[in-house]
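Please read these points with the model open beside you. They concern the ligand and its surroundings, and then the sheet.

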Amino acid sequence: MSGILQVFHPALPRAAAVARYLAELDASRSYTNRGALAERLEARLGALFGAPGAVTTAASGTAALTAAILAHAGRATPARPLALIPAFTFAATAIAAEQCGYSPHFVDISAETWVADPAELARHPRLAEVGLILPVAPFGRAPDMAALERLQVEAGRPVVLDVAAAFEAYAEGRARVSAKLPAILSLHATKVFSTGEGGAVLWADPAAQGRLRQVANFGFRGGRRSEVAGTNAKMSEYHAAVGLAMLDLWPRRRAEIARTLRRYRDGAPLPGRLWLGPEISSAYALLECRSGAEAAALRARLHAARIETRAWYEEGLPAQPWFGRYGADPLPVTEALAPRLLGLPMAHDLGPAPVRAALAAVPA
Ligand SMILES: *Cc1c(COP(=O)(O)O)cnc(C)c1O
């Protein structure tokens, strides 16, 4: 093996496959602002998710989150400045809330589900100051939509769901698109289905989709006057072309992913539990070690063997320099889980030899 085995090795559609769609732009001369390619991508994604008309594309997952927050909860107010956010997530979740004026307040997760317990969120002691609840589907695990819809009713606060990595959960029918609350996907290159940079909001409510599209285009409705708090969250036609080519590729890509997952499953027994698709997104192969010390020792061994690993969510958000300024509940589960999770290499075309090499470096 030469070079480093990357923890995730993206492969977007080949240039020639994208060019077929890009050629349409020479005639349309329409490059963004919800062009024909973006609308086609939305229609095809809606059909794939079993939710026709419920998808709006965005420039990134973060832009999708920001637009969904503005459309569903609006900006923070002095009376309700807080956003409840799990500590165990990627930085973008909290960044989007900040962009809409909220101060994150970090909550812990449950050891089994890795999500903040919806019933506990509904009776959070600081609920009176909360204007937004922002749960996450960590590593693309399928969200419990019924529990989250219940949370929104019981807490009496808008819920916006970050399902950034859960493309497969929706495409394979393990997650349902809600009419009651928006869920956002990331289509970044490190996700399993990608437009390079990109995102999407899933929301099966036509009126809400109208609000969302207004917010995503400077708050304009028809004209050129900002009528509500807005942003620019639109996906360009160039990115939509990549998405359409990626959809053409998707059936073959799924089959290739399934082969790689089998290689991991059939490999040597590992210390701890190996998390793979479809339980999580197949952008990840996560080894849940028995202790943080064991994970650190494994990481050192793998790096010595030139195999990259990643702590995808680091040590939780409050441990990061910027987010340390915000309030947080006690976080015993996040603090115990985060250091034990080791991201191993994953790619749709990870061959038998690299998988063997990765597994061989890990003592059972
Ligand atoms: C990838 C990811 C995002 C951010 O998406 P971008 O498209 O990179 O902006 C947000 N939240 C989670 C949980 C993610 O994994």
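1. How many residues of the shell around the ligand are nonpolar, how many polar and how many charged? In this predicted model, the shell divides into four nonpolar, eight polar and two charged residues.

2. The ligand is surrounded by 14 residues, and the closest of these are Gly61, Thr62, Asp162, Ser186 and Lys191. Two helices, H3 (61-72) and H4 (91-99), each contribute at least two residues to the shell around the ligand.

3. The ligand taken alone would expose 390 Å², of which the protein buries 92%.

4. As for its location, the ligand sits in the largest pocket.

5. Turning to the sheet, four strands form an open arrangement in the order S1-S7-S6-S5, and their pairing is mixed. Strand S1 (55-58) and strand S5 (161-162) lie at the edges, each pairing on one side only.

6. Within this sheet, S1 and strand S7 (residues 199-202) run antiparallel and are joined by four bridges; Ala58, for example, has Gly199 in S7 as its bridge partner.

How values were computed: Residues numbered from 1 in each chain as written. Predicted model: local features only at pLDDT ≥ 70, side-chain atom pairs only at ≥ 80, totals over all residues. Heavy atoms only, no water. Near = heavy atom within 4 Å. Areas by Shrake-Rupley, 256 points an atom, 1.4 Å probe, with all protein chains shown as cover. 1 Å grid on protein atoms, 1.4 Å probe; cavity = no way out; pocket = protein on both sides within 12 Å on 5 of 7 lines; lining within 4 Å. Sits in = over half its atoms within 2 Å of the grid points. Nonpolar A, V, L, I, M, F, W, Y, C, P; charged D, E, K, R; others polar. Pairing = 2+ DSSP bridges.
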